[in-house]
Amino acid sequence: MKLSGLIAAVAGVLMAGSAFAADAYDIDPAHAWVGFKTNHAGWAHAHGAFKTVSGSISFDKEDVTKSSVEITIDAASIDTNDDKRNTHLKSPDFLNAEEFPQITFKSTAIEKTGDKTAKVTGDLTLLGTSKPVTLDVTWNGESPLPWDANTIKTGFSATGSFNGVDFGITKMADFGLGPDIALDIDVEAVKK
Amino acid sequence: MLQQIFLTTIILPLVLGVLLSIAGNGHSLARLAFTALAIPAAAALVSMAIEGVPPLPPVAAKQKFPLLLIGAGIVFAILSFVLKQGFGRLVAIILAVISLAIPAWWLGRNVLAANPVKATTVAIVLVILAVLLALFSANRNGQTRQSAAAALPAALLWTAIASALAAIFGGYIGMAQMNGGLAALFGGWLLVRYVSYLRGADDAFALTGMAAFAAIWTAAVSLAMTVLFAPSAAPAALVLAALPLAVAYALQARGVDLSGQPRFLRPLVSGVITAVPAVCAILIAALLQA
């Protein structure tokens with residue numbers, strides 16, 4: 001009886017430890033903005049965004065390096081404020097959205113850089129090619145919804161960049177674009 | 001940028017078409033095998049000039065495409081020797097189905113599984129092209145001196161042009177360039193043969209056996225790529241883009257006699273007739289995108 005009580009106590013402590021080590025969140029698709037911009041022939045920066053974003057975050061506030069994030073973006077949800085350009089961007093000249101419908105980012109390492117900032121390195125998979133990309137992430141804050149105290153929301157902003165040609169978007173130069181694509185991400189996530 | 005596009009999409013393939021038309025002129029087994037190898041290989045070169053040299057292993061279909069063309073060219077050249085006595089329609093049908101179905105699946109299985117409209121359009125286009133591949137490539141030496149013999153190469157030109165415009169209106173510029181390059185390649189081939197025809201060679205436009213197979217197959221897989229990957233290409237336009245070859249077959253099978261026309265006009269007349277479905281395809285593609 002004493003032994004089983006001890007086992008139960010240890011198991012309880014371990015389970016409680018794992019439960020409180022990191023909080024789990026789902027990204028709120030209605031409040032997730034993944035924007036990008038890239039040089040357009042030296043005239044301006046062409047801007048765009050993805051309308052369909054989902055994912056999950058495991059956020060350890062005590063030790064942020066033990067956190068993780070996975071984001072999935074629907075490549076066909078690209079929007080650059082012009083229907084014909086959107087169609088072209090979905091073609092194999094750019095995102096090849098039918099052959100590779102999802103763009104994913106999966107964190108592999110997190111380095112704390114400040115009280116609320118970190119560098120999040122992860123594998124960006126675009127056009128079937130995975131390469132490491134580092135994002136500068138800021139945790140903006142966490143609070144319950146004003147009208148629903150049981151729903152806790154947290155929010156992050158992130159920036160980063162990558163070279164489109166590295167992922168096989170070889171046509172960028174033909175259209176005067178790139179080569180670097182800057183990311184501007186804001187996401188709100190709901191605590192599970 | 002425009003100079004680069006002009007060079008890769010027009011000049012390079014046109015020169016390649018002229019060169020392989022000169023080098024492949026004649027009906028010896030070696031010449032047929034050369035043409036069977038050279039047409040897909042030249043198309044692969046054009047693809048790499050437009051899209052760059054693909055990584056190994058290739059990841060995307062557009063990277064697999066030039067490798068497919070090179071591999072197919074080698075197979076077609078070997079088959080030219082293996083089937084040197086010519087082949088009947090059964091062999092031609094088996095070859096046509098296998099040579100189109102396997103690449104379509106390799107290139108586009110993601111799209112075929114996820115997009116029923118495209119899967120249906122690909123199926124219709126490939127069935128039409130497989131039948132025509134079999135009909136044209138089966139041994140038909142007796143028809144190479146017909147007055148409408150230019151219909152097949154002219155149809156290839158028109159299929160490539162219609163595919164290019166369907167790709168542009170469908171939002172895939174890279175494939176429009178590729179199909180445009182293919183049109184220039186066939187155009188270069190036709191130019192040399194037209195001069196040869198004017199100089200008295202009645203069989204100048206003859207494309208038979210595996211040479212015909214390779215030429216039609218190259219246009220077919222390029223059209224299949226357009227169907228699979230142009231985001232908003234009109235299915236009706238894509239089906240019509242395959243039909244110049246059907247018109248060409250009808251002209252030759254029915255033995256349409258153009259000998260009443262002046263000699264210089266006969267290839268042009270058969271070219272204009274084969275253009276009808278292509279023009280319809282272009283009009284439909286343009287109207288639906290307007």
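This text walks through a predicted model with chains A and B, from the interface between them to the spaces inside.

The two chains touch each other. On the side of chain B, 23 residues are in contact with 19 residues of chain A. The size of an interface is often given as the accessible area lost when the parts come together. For chain B and chain A that buried area is about 1,600 Å², and carbon and sulfur atoms give 50% of it. Within chain B, the residues that lose the most area to chain A are Met1(B), Val59(B) and Lys62(B). Together these three account for 26% of what the chain B side buries.

Polar links also cross the interface. The rule finds 9 residue pairs in polar contact between chain B and chain A, both residues being at pLDDT 80 or more. Five elements of chain B each give two or more residues to the side that touches chain A, namely α2 (29-51), α3 (61-82), α4 (89-114), α7 (173-198) and α8 (209-229). By residue type, that side of chain B divides into 12 nonpolar, 8 polar and 3 charged residues. Across the interface there is 1 salt bridge. In this salt bridge the side chain of Lys118(B) meets that of Glu98(A), with 2.4 Å from N to O.

Over all chains, the structure holds 13 salt bridges. One of them joins Lys191(A) to Asp23(A), where the closest N and O atoms are 3.6 Å apart. Lys191(A) belongs to strand β10 (residues 177-191) of chain A and Asp23(A) to strand β1 (residues 23-40) of chain A, so this pair ties together parts that are 168 residues apart in sequence.

The next topic is empty space. Rolling a probe the size of a water molecule over the atoms shows where such space is left. The largest pocket holds about 620 Å³ of space. Its lining is made of 31 residues, and those nearest the centre of the pocket are Phe36(A), Phe50(A), Ile78(A), Leu95(A) and Ile181(A). Two or more residues each come from β1, β2 (44-50), β4 (68-74), α2 (83-90), β6 (102-112), β7 (117-126), β8 (129-145) and β10 of chain A. The lining of the largest pocket divides into 24 nonpolar, 6 polar and 1 charged residues.

The second largest pocket has a volume of about 410 Å³. Of the 28 residues that line it, Phe59(A), Val64(A), Val120(A), Val137(A) and Phe156(A) lie nearest its centre. The elements giving two or more residues to this lining are β3 (53-59), β4, β6, β7, β8, β9 (148-163) and β10 of chain A. With 4 residues, β8(A) gives the most. The lining of the second largest pocket divides into 16 nonpolar, 7 polar and 5 charged residues.

The lining of the second largest cavity divides into 5 nonpolar, 5 polar and 1 charged residues.

Technical notes: Residues are numbered from 1 along each chain as its sequence is written. Chains are lettered from A and ligands numbered from 1 in the order in which they are written. This is a predicted model: local features need pLDDT of at least 70, side-chain atom pairs count only at pLDDT 80 or more; totals for chains, interfaces and linings use all residues. Side-chain values use heavy atoms; hydrogens and water are left out. Contact means heavy atoms within 4.5 Å. Buried area is the accessible area (1.4 Å probe) that two parts lose on being put together, summed over both. A salt bridge is a side-chain nitrogen of Lys or Arg within 4 Å of a carboxyl oxygen of Asp or Glu. A polar contact is a pair of N or O atoms within 3.5 Å; within protein, one must be able to donate a hydrogen and the other to accept it, and residues adjacent in sequence count only if both atoms are side-chain atoms. Ala, Val, Leu, Ile, Met, Phe, Trp, Tyr, Cys and Pro count as nonpolar, Asp, Glu, Lys and Arg as charged, and the others, Gly among them, as polar. On a 1 Å grid over the protein atoms alone, a cavity is a set of points where a 1.4 Å probe fits but cannot get out, and a pocket is an open set with protein on both sides within 12 Å along at least five of seven lines; lining residues have an atom within 4 Å of a point. Grid points are joined across faces, edges and corners, and a volume is the space filled by probe spheres set on the points.
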